[in-house]
Amino acid sequence: MHELGVVEGIREIALSHARSAGASRILSVRVAIAESSRYLEDALAMFWDGVCETSEISGAQIEFVHVPGEWLCLACSKSFAGGREVCRCPECGSQWVKPVDAPECYVESIEVETSGG
Amino acid sequence: MTVKTIQVAQNALDANREIAVQNRAALDSAGVVAVNLMASPGAGKTSLIERTVAELKGQIRIGMINSDTSPAAMDAERAERAGAVAVHLNTTGRCHLDAGMIRDTIACLPLREIDLLFVENIGNLVCPAAWQLGTHLSVLIASTPEGDDKPYKYPRMYSGADALVINKIDLLPYVTFNLDYFRRGVEALNRGLRTFPLSCRSGEGLDRWLDWIAFLAARETAVLQ
């Protein structure tokens with residue numbers, strides 16, 4: 001259920017940027033997820049409508065793009081790219097691997113409607 | 001009407017982080033040092049708080065925010081009986097604490113009457129690590145019956161801790177827990193991590209922990225991380 005809090009964070013960030021730009025409506029929010037992230041796209045999408053229901057962002061679409069995940073092998077110190085399915089270091093075969101600390105999920109851009117020309 | 005795209009490039013957790021910064025400022029201005037206690041269910045979070053409160057009674061004033069996914073408030077009641085100012089936070093199913101929950105909860109506490117605040121997070125080794133609360137330090141509790149493989153399975157939790165307690169060391173003769181293997185895993189993730197092997201039940205190793213807690217409570221918050 002940790003996706004719920006992530007979705008609330010996405011909503012707040014989108015709203016704050018839309019307000020600064022003087023937008024009248026948010027049409028869509030583009031979210032990037034690292035392929036090594038703990039957050040699942042399906043679960044984020046599932047919470048989106050409910051979390052936005054009563055706010056100014058209601059009706060906005062959420063779109064996802066995927067960015068490569070980065071891993072570090074703690075046995076041989078090699079870093080390598082991979083998604084959630086990673087279970088071994090491609091170099092030494094150790095299972096002692098961890099995702100590199102990087103944002104797992106970020107708001108890339110928002111599409112808004114403004115009343116100006 | 002014009003449609004335009006605004007580039008944002010902001011971490012989804014930034015909204016939480018901003019509230020965490022405000023929480024830290026509120027704690028600092030009240031002179032409270034706050035510790036985020038994280039562990040799996042049953043590792044001994046409440047037992048450690050209970051022992052700490054009882055042992056340091058009269059020396060430092062301890063507050064406790066207990067969180068659980070249900071209304072069951074027995075952990076907060078245990079801390080209260082030991083002498084803490086305690087409040088129960090029901091996350092209604094959410095699997096970790098976030099900064100907004102802490103902001104709302106510290107508003108219910110008499111912060112001026114507290115030197116040190118324990119925030120007992122939800123028993124979970126996965127997502128609490130990602131959510132800043134505004135506390136000054138994160139302490140992770142491992143316990144010997146859980147097994148020695150946890151640093152290998154939950155690296156994010158171990159790499160983010162400021163201190164580690166290994167609880168239930170009185171059970172070492174009865175459980176499979178290779179302390180060297182465990183420590184090697186921890187060391188690779190978090191070199192030089194301050195570690196307190198102890199037993200809340202027998203009291204072994206507790207003195208060093210209590211000294212450290214008393215030291216933290218006495219420090220000016222500005223010098224903490």
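Modeller: Two strands pair if DSSP finds at least two bridges between them, and strands (E, at least two residues) and helices (H or I, at least four) are DSSP runs numbered from the N terminus. It's a predicted model, so local features need pLDDT of at least 70 and side-chain atom pairs pLDDT 80 or more, while totals for chains, interfaces and linings use all residues. Residues count from 1 along each chain as its sequence is written, with chains lettered from A and ligands numbered from 1 in written order.

Colleague: OK, chain B. What's the strand order in its seven-stranded sheet?

Modeller: The order is β4-β3-β5-β2-β6-β7-β8, an open sheet with parallel pairing.

Colleague: And which strands stand at the edges?

Modeller: β4(B) (85-90) and β8(B) (194-197). Each has a single partner strand, so one side of each has no neighbour in the sheet. At the β8(B) end, β7(B) (residues 163-167) pairs with β8(B) over four parallel bridges, and Val165(B) sits opposite Phe196(B).

Colleague: What does β5(B) pair with?

Modeller: Five bridges tie β5(B) to β2(B) (residues 33-39), running parallel, with Val33(B) across from Leu116(B). Another five parallel bridges link β5(B) to β3(B) (residues 62-68), where Met64(B) faces Phe118(B).

Colleague: Is β5(B) buried or exposed?

Modeller: Five of the five residues of β5(B) (116-120) are buried, so the strand is largely enclosed by the rest of the structure. Buried means 20 or more other C-beta atoms within 10 Å of the residue's own; 12 or fewer is exposed, in between is partly exposed, and C-betas are placed from the backbone.

Colleague: Which way do the side chains of β5(B) point?

Modeller: Leu116(B), Phe118(B) and Glu120(B) go one way, Leu117(B) and Val119(B) the other.

Colleague: Switching to helices: how many residues of α2(B) are buried?

Modeller: Eight of the eleven, so to speak mostly covered, in the helix at residues 45-55. The buried ones include Lys45(B), Glu50(B) and Arg51(B), along with Leu48(B), Ile49(B) and Val53(B).

Colleague: What about the nonpolar core? Which residues have the most contacts inside it?

Modeller: Ala14(A), Val119(B) and Leu140(B), in the largest core, which has 90 residues. A core here is a set of buried Ala, Val, Leu, Ile, Met, Phe, Trp, Tyr and Cys residues joined through C-beta atoms within 7 Å. α1(A) gives the largest share, seven residues.

Colleague: And what does Leu140(B) touch?

Modeller: Leaving out residues up to four places away in sequence, Leu140(B) touches Met38(B), Ala39(B), Met157(B), Tyr158(B), Ala161(B) and Leu164(B). Contact means backbone-placed C-beta atoms within 7 Å.

Colleague: How many residues does each chain put into the contact?

Modeller: Chain A puts in 30 residues and chain B 27. On the chain A side, α1(A) and β6(A) each supply at least two residues, and β6(A) has the largest share with ten.

Colleague: Which strand of chain B does β6(A) join?

Modeller: β1(B), through eight bridges, running antiparallel. Ser109(A) has Gln7(B) as its bridge partner there. The two strands belong to an open four-stranded sheet, β2(A)-β1(A)-β6(A)-β1(B), with mixed pairing. β2(A) (61-67) and β1(B) (2-11) stand at the edges with a single partner strand each, so one side of each lacks a neighbour.

Colleague: How do β1(A) and β2(A) run?

Modeller: Parallel, with seven bridges from β1(A) (residues 25-34) to β2(A). Val29(A) is opposite Ile62(A).

How values were computed. Contact = placed C-beta atoms within 7 Å.
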